[in-house]
Each structure stands twice: as C-alpha cells, then as structure tokens.
Amino acid sequence: MIWCIAALVLFVLEMFSGTFYMLVISASLLSAGLAEWLLKTSESVNAVIAIVFSILGITIVRAWQNKHPRENMAKPTDDLDYGQTVILTQLLPDGLWQVHYRGTIWQARFNHPTDAKSGDSAQIISHQGNILNITSQAPSTQQE
C-alpha cells in the first residue's frame, strides 16, 4: 500500500513541475503497488519493478523530448515593443534615458554608446524588466 501512496504524492508534485519525470516515477511506483496487491510480491521484487519501470520510462521521455524539441520558446520578435520608436526626453544618471513611448515615460538604455540628445528618436530592440534597450535610428537618407 505504501507504493500507491508514494505514487499519489509524486503524481500531485508532478502537477507543480510539469516535467513528466515525476509522472514516470509515479507510474512506476503504482505498478509496484499493483504487483504487490495482485501478485503478493515481496518488497525487494517491488523495488526492482519500480526501478526498472522508472529507468525505462525516463529513457522513453528523454527520447521523445529529443525528437520533439520545444518550439514554443519566446522569440525576440514576439515582443510587440520590438522595433517601435521612442522619443528621448532627458538623460538620467547611470547612462539611462527618460523616453516617451506609448503615451507615458519609460527608462531606456542604449545598447552602444551614442551622442544622442533630447528630442532624438531611437528604436526598441529588447527590454530588461521595465527598462527598454534601444538603439539609435539611422537616418533614412544620407547625403555625402
């Protein structure tokens, strides 16, 4: 009976992790519990059953994960702010800028040193928390 209780505990913990490993081990412990209940197997046989099924299950999960890599990872292009224009309003300490974007004031940091001044525009390339990472906008036409 202890095998089934341990399987239930691991099953509940799996709901918080989402990795499938605890689910595999939970199923292995459940199979050991079922063997004990139906076949009256000893503790050592149940331990072997749980170990063998755990190793087999984890191997199957790893093989499946290698064949199906996660494709739903966030990409920089998923950020709706990416590529948007901000207006520089004031230079702040530590190299930060106060910028106007989406009708409010944000803090931003240039990814490369620049000689920008208030009133210039810049483009968002990413963000770290609430600080926008920006780059100087190249002029649309250059005269030589």
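Predicted model: local features only at pLDDT ≥ 70, side-chain atom pairs only at ≥ 80, totals over all residues.
Trainee: OK, layout next. How many helices and strands are there?
Mentor: Three helices and five strands. Reading from the N terminus, the order is α-α-α-β-β-β-β-β.

Trainee: Let's go through the helices. At what angle do α1 and α2 pack?
Mentor: Helix α1, residues 2-17, packs on α2 at an angle of about 165°, and the axes are 8 Å apart. That angle makes α1 roughly antiparallel to α2, since anything over 145 degrees counts as such.

Trainee: Is that crossing left-handed or right-handed?
Mentor: Left-handed for α1 and α2.

Trainee: Which residues meet there?
Mentor: From α1 you get Trp 3, Cys 4, Ala 6, Ala 7, Leu 10, Phe 11, Leu 13, Glu 14 and Ser 17. On the α2 side, the list includes Tyr 21, Met 22, Leu 23, Ile 25 and Leu 29. By class, the α1 contact with α2 has 14 nonpolar, three polar and two charged residues.

Trainee: Now α2 with α3. What's the geometry there?
Mentor: Helix α2 spans residues 21-39 and α3 spans 43-67; they pack at an angle of about 150° with their axes 8 Å apart. So α2 is roughly antiparallel to α3. This crossing is right-handed.

Trainee: What residue classes make up the contact of α2 with α3?
Mentor: It divides into 11 nonpolar, six polar and three charged residues. Among those from α2 are Val 24, Ile 25, Ser 28 and Ala 32, and α3 brings in residues including Ile 49, Ala 50, Phe 53 and Ser 54.

Trainee: Which residues does Ser 28 touch, leaving aside neighbours within four places in sequence?
Mentor: Ala 50, Phe 53 and Ser 54. These three are also among the α3 residues that meet α2.

Trainee: Last one, on the whole chain. Among contacts between residues at least 6 apart in sequence, what percentage joins residues at least 24 apart?
Mentor: For the protein chain, 43% of those contacts do.

Definitions and conventions:
Residues numbered from 1 in each chain as written. Heavy atoms only, no water. Axes fitted to C-alpha atoms, helices over the stretch in contact; angles between N-to-C directions. Helix = DSSP H or I, 4+ residues; strand = E, 2+ residues; numbered from the N terminus. Parallel < 35°, antiparallel > 145°, perpendicular 65-115°, else oblique. Left-handed = near helix turned anticlockwise from the far one by under 90°. Contact = heavy atoms within 4.5 Å. Nonpolar A, V, L, I, M, F, W, Y, C, P; charged D, E, K, R; others polar.
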